[in-house]
Amino acid sequence: CTGNGICKCRVCECFPNFTGSACDCSLDTTPCMASNGQICNGRGTCECGTCNCTDPKFQGPTCEMCQTCLGVCAEHKDCVQCRAFEKGEKKETCTQECMHFNMTRVESRDKLPQPGQPDPLSHCKEKDVDDCWFYFTYSVNSNGEANVHVVE
């Protein structure tokens, strides 16, 4: 009974907060809690302590990452631009407004983190104030820390 119950007559009797034929399904919803205080960000169901995202646009451990939403790239463009290149809309207010993520510079686009890592990842291509393209990725790890990788 995976340590979460007692086997009686070849049937698991589960301890409180566990269910399933092998007591392998936790009823604890804490791991499903999104940063806004909602279970699975209101975009999924918590099954056995894991979010099952019902809105296909959202993914990640608490259904908070949306790769196709405009938000991520557009929202962080000005801060990435001022932190990495010291220019753009927030150049003057950069240290006050743009210190909410860890930033790593990489030499080329193929050095950017690639999909398939545990943290959901957004690849961004934005234009800077000089009408040049710049590339970065934005991800949030399981501790809620935002990480940006930007191409020099």
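Reply: A disulfide is taken here to be a pair of cysteine sulfur atoms within 2.5 Å, and in this predicted model cysteine 40 and cysteine 51 form such a pair, with their sulfur atoms 2.1 Å apart. The torsion about their S-S bond is about -100°, so this disulfide is left-handed. Cysteine 40 sits in the loop between strand S4 (25-26) and strand S5 (44-47), while cysteine 51 belongs to strand S6 (residues 50-53), so the pair ties together parts that are eleven residues apart in sequence. Because buried means under 20% relative accessible area, cysteine 40 counts as buried at 0%, and cysteine 51 is buried as well at 12%.

The structure holds nine disulfides, and another of them joins cysteine 82 to cysteine 94, with an S to S distance of 2.0 Å. The link of cysteine 82 and cysteine 94 is right-handed, with 80° about the S-S bond, and it connects helix H1 (residues 71-85), which holds cysteine 82, to helix H2 (residues 94-97), which holds cysteine 94, twelve residues apart. Cysteine 82 is buried at 4% relative accessibility, and cysteine 94 is buried at 10%.

Cysteine 9, by contrast, has its closest cysteine sulfur in cysteine 7, at 8.2 Å, which is too far for a bond, and cysteine 9 is exposed, with a relative accessible area of 78%. Cysteine 132 is in no disulfide either, since the nearest cysteine sulfur, that of cysteine 82, is 17 Å away, and cysteine 132 is partly exposed at 39%.

How values were computed
Residues numbered from 1 in each chain as written. Predicted model: local features only at pLDDT ≥ 70, side-chain atom pairs only at ≥ 80, totals over all residues. Heavy atoms only, no water. Helix = DSSP H or I, 4+ residues; strand = E, 2+ residues; numbered from the N terminus. Buried < 20%, exposed > 50% of the residue type's maximum accessible area, 1.4 Å probe, protein only.
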